[in-house]
Amino acid sequence: MAGEELDEWLRELWGRVASRCPEFDLVLPGTASFVCQAAGCPAHCCRVFTIVPLGGREVVRLSRASGLPPLELVECEDGEPLTHRAFPPTRPYFLARREGVCRFLGADLLCCQYEGRPDACRVYPFYVFFFDPATYLPMRPEWRMMRSAVDRLTGGNAVRAELGPVPLLLRHAGCPGSAGPALRRVGWLTLVEETFRLQYDEPPGPAGEP
Ligand code: SF4
Ligand code: SF4
């Protein structure tokens, strides 16, 4: 299954699961591409998300870029990093905030640590979510299964119910950045891969913990 047939299949699946994801829109070839509208947008993304997940590797990158010690980059309580132990080992920390807003959002509403910013900021407003095509329920399979599903999709191979989870490329509907030219298929495939890699591909292990 490839090309327009695949798009139609994904559109049909989205029609059955969209009510579970009211804050998102489906992204397919032909969808308007992303161009940040920061000049006319009050930094919606950096203000509204109260939780920006951060992995050990990202803490190291941000620490190098900012010159700040890791403990100043993550949300802490009583001097200890807050961690999301429910989903170990990926992205266990949270980006530090000040007065409810990311500590790196400048007065000019620009990111003052753009080079070192977390993966969640690099990938926004796109997300890859996985769905069970038999039950139409969202899934969070183990990483290898997700990797295979994305490979099947980007490789133009069959995406069928019996093959397991189906990845859908979605974007946050609250972002007004859908303003560019229509995505070509090759650009869409690259976006699926890049979004998946940034959203999920966190190597496990203790290296780089704050
Ligand atoms: S919400 Fe979208 S358009 Fe606005 S600053 Fe963020 S990425 Fe740019
Ligand atoms: S690190 Fe930069 S891009 Fe990310 S939420 Fe903070 S200000 Fe926004």
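These are my notebook entries on what I looked up in this structure.

**Entry 1: the overall picture**
I began by reminding myself that this is a predicted model. I counted six helices and twelve strands in the secondary structure of the protein. The protein has 210 residues, and buried ones make up 27% of them. I then turned to contacts between residues at least 6 apart in sequence, and found that 71% of these join residues at least 24 apart.

**Entry 2: the nonpolar cores**
Which residues touch the most other members of the largest nonpolar core? I found A149, L168 and L169, in a core of 20 residues. Helices α1 (3–17), α5 (143–154) and α6 (185–200) each supply at least two residues of this core, and so do strands β9 (126–131) and β11 (166–172). A separate core has 17 residues, including C45, V59, A96 and Y124.

I stayed with L168 for a while. Leaving aside residues up to four places away in sequence, L168 touches L10, L13, W14, L26, F129 and F131.

**Entry 3: two strands to compare**
Is β11 mostly covered or mostly open? I found it mostly covered, with six of its seven residues buried. Strand β11 runs antiparallel to β9, and six bridges join them; in this pair, V128 has L169 as its bridge partner. Strand β1 (residues 24–26) is also antiparallel to β11, joined by three bridges, and there D25 stands opposite R171.

Next I looked at β12 (residues 178–182). Zero of its five residues are buried, so β12 lies largely in the open. Strand β12 pairs with β2 (residues 32–34) in the antiparallel sense over two bridges, and F34 has S178 in β12 as its bridge partner.

**Entry 4: around the ligands**
I listed the residues surrounding ligand 1, and among them are C36, C41, H44, C45, Y124, P125 and C175. By class, this shell has nine nonpolar, three polar and no charged residues.

Ligand 2 is surrounded by C46, V52, C102, F104, L105, C111, Q113, R117, P118 and C121. I sorted this shell into eight nonpolar, one polar and one charged residues.

**Entry 5: a look at R47**
I found R47 in helix α2 (residues 44–48). Why is R47 called partly exposed? I counted 14 other C-beta atoms within 10 Å of R47, and partly exposed falls between the limits of 12 or fewer for exposed and 20 or more for buried. R47 touches P42 and V101, not counting residues up to four places away in sequence. R47 and G100 are 53 residues apart in sequence, yet 7.6 Å apart in space from C-alpha to C-alpha.

I kept the general rule in mind: most residues other than glycine have a negative phi, and most peptide bonds are trans. Then I looked for departures from it.

The peptide bond from Y124 to P125 is cis, with omega near 10 degrees. P125 lies in the loop between α4 (119–123) and β9, and P125 is one of the residues around ligand 1.

D78 has a positive phi, near 55 degrees, and sits in the loop between β4 (76–77) and β5 (80–81). D78 counts as exposed because it has 5 C-beta neighbours inside 10 Å.

E99 has a positive phi too, near 50 degrees. I placed E99 in the loop between β7 (97–98) and β8 (101–102). With 5 C-beta neighbours inside 10 Å, E99 counts as exposed.

Conventions. Residues numbered from 1 in each chain as written. Chains lettered and ligands numbered in written order. Predicted model: local features only at pLDDT ≥ 70, side-chain atom pairs only at ≥ 80, totals over all residues. Near = placed C-beta within 6 Å. Nonpolar A, V, L, I, M, F, W, Y, C, P; charged D, E, K, R; others polar. Helix = DSSP H or I, 4+ residues; strand = E, 2+ residues; numbered from the N terminus. Pairing = 2+ DSSP bridges. Contact = placed C-beta atoms within 7 Å. Core = buried A, V, L, I, M, F, W, Y, C linked by C-beta atoms within 7 Å.
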